[in-house]
Amino acid sequence: MVNGSRSPARPDATDDMTAAISAVAEAHGNRPDALLEIYHDIQERLGHIPEVALPIIARALNISRAEARGVFTFYHDFRAQPAGRHVVKLCRAEACQAMGCRQLEEHLTGKLGIRMSETTPNGAITLEAVYCLGNCALSPAVMIDGKLIGRVSAERIDALLCALDAGGAA
């Protein structure tokens with residue numbers, strides 16, 4: 001152990017984190033068919049699914065690391081790093097593209113000083129792409145902290161960001 005807080009086999013995992021990951025897998029009976037539920041529970045508990053979780057889960061479920069990684073990377077809602085205090089999801093599906101989501105993306109990335117899938121340096125906002133929020137009639141659409149918002153313009157997104165008390169600043 002290094003300083004009593006890290007596992008020597010996994011230098012990025014605290015003992016508490018490793019125990020939490022193992023406990024979630026065990027709570028699901030270490031069943032391979034519960035992999036998605038395990039990922040959801042870990043992300044709910046830790047705010048993300050750390051890289052060190054994948055081999056722990058693979059071992060607990062008796063599946064390959066490749067399978068654990070493949071499922072993790074296939075689903076876009078699972079994140080390897082903690083999200084910001086607020087998550088802004090920008091729809092990039094065809095209807096939203098036709099209604100200006102690319103310009104909205106340029107505006108957002110310029111205003112926040114980050115690219116898609118990044119978090120502002122102050123940890124306030126994570127910007128993510130999604131490929132259909134099911135709000136096509138009101139495109140372009142965003143989801144902010146789980147709230148769906150349609151007909152979003154640059155001016156409206158600026159107001160929404162200010163309302164987050166983040167001021168839109170990176």
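**Strands, rings, cysteines and pockets in a predicted model**

Student: What makes β3 and β6 a pair?

Tutor: In this predicted model, strand β3 (residues 86-91) and strand β6 (residues 142-144) are joined in the antiparallel sense over three bridges. Two strands pair if there are at least two bridges between them, so with three bridges β3 and β6 count as a pair.

Student: Which residue is the bridge partner of K89 in β6?

Tutor: The partner of K89 in β6 is M143.

Student: In what order do the strands of the sheet run?

Tutor: The order is β4-β5-β3-β6-β7, five strands in an open sheet with mixed pairing.

Student: Why do β4 and β7 stand at the edges?

Tutor: Each has a single partner strand, so one side of β4 and one side of β7 (147-149) are left without a neighbour in the sheet.

Student: How do you know that C91 and C96 are in no disulfide?

Tutor: The cysteine sulfur nearest to that of C91 belongs to C96, 3.5 Å away. For C96 the nearest is that of C91, also at 3.5 Å. A search of the whole structure finds zero disulfides.

Student: Why is C91 called buried?

Tutor: Its relative accessible area is 3%, and buried means under 20%, so C91 falls in that class. C96, with 2%, is buried because of the same cut-off.

Student: Why is the pair of F74 and Y75 called edge-to-face?

Tutor: The ring centres of F74 and Y75 are 4.9 Å apart, with 85° between the planes. Rings pair if their centres lie within 6.5 Å, and planes over 60 degrees apart count as edge-to-face. Both conditions hold for F74 and Y75, so the name applies.

Student: What makes Y75 and F78 an edge-to-face pair?

Tutor: Their ring centres are 6.1 Å apart, within the limit of 6.5 Å, and their planes stand at 75°, over 60, so the pair is edge-to-face.

Student: Which residues form the aromatic cluster, and how many aromatic pairs are counted?

Tutor: Y39, F72, F74, Y75 and F78 form one cluster. The count comes to five aromatic pairs.

Student: Are F74, Y75 and F78 buried, partly exposed or exposed?

Tutor: F74 has a relative accessible area of 56%, which is over 50%, so F74 is exposed.

Student: What is the volume of the largest pocket, and which residues are closest to its centre?

Tutor: The largest pocket holds about 360 Å³ of space. Of the 17 residues that line it, the closest to its centre are H76, F78, R79, S117 and E128.

Student: Which elements give two or more residues to the lining of the largest pocket?

Tutor: They are β4 (118-119) and β5 (125-130). β5 gives the most, with four residues.

Student: What classes of residue make up the lining of the largest pocket?

Tutor: Seven residues are nonpolar, five polar and five charged.

Technical notes: Residues numbered from 1 in each chain as written. Predicted model: local features only at pLDDT ≥ 70, side-chain atom pairs only at ≥ 80, totals over all residues. Heavy atoms only, no water. 1 Å grid on protein atoms, 1.4 Å probe; cavity = no way out; pocket = protein on both sides within 12 Å on 5 of 7 lines; lining within 4 Å. Points joined across faces, edges and corners; volume = space filled by probe spheres on them. Nonpolar A, V, L, I, M, F, W, Y, C, P; charged D, E, K, R; others polar. Disulfide = S-S within 2.5 Å. Buried < 20%, exposed > 50% of the residue type's maximum accessible area, 1.4 Å probe, protein only. Phe/Tyr/Trp six-rings, centres within 6.5 Å; stacked < 30°, edge-to-face > 60°.
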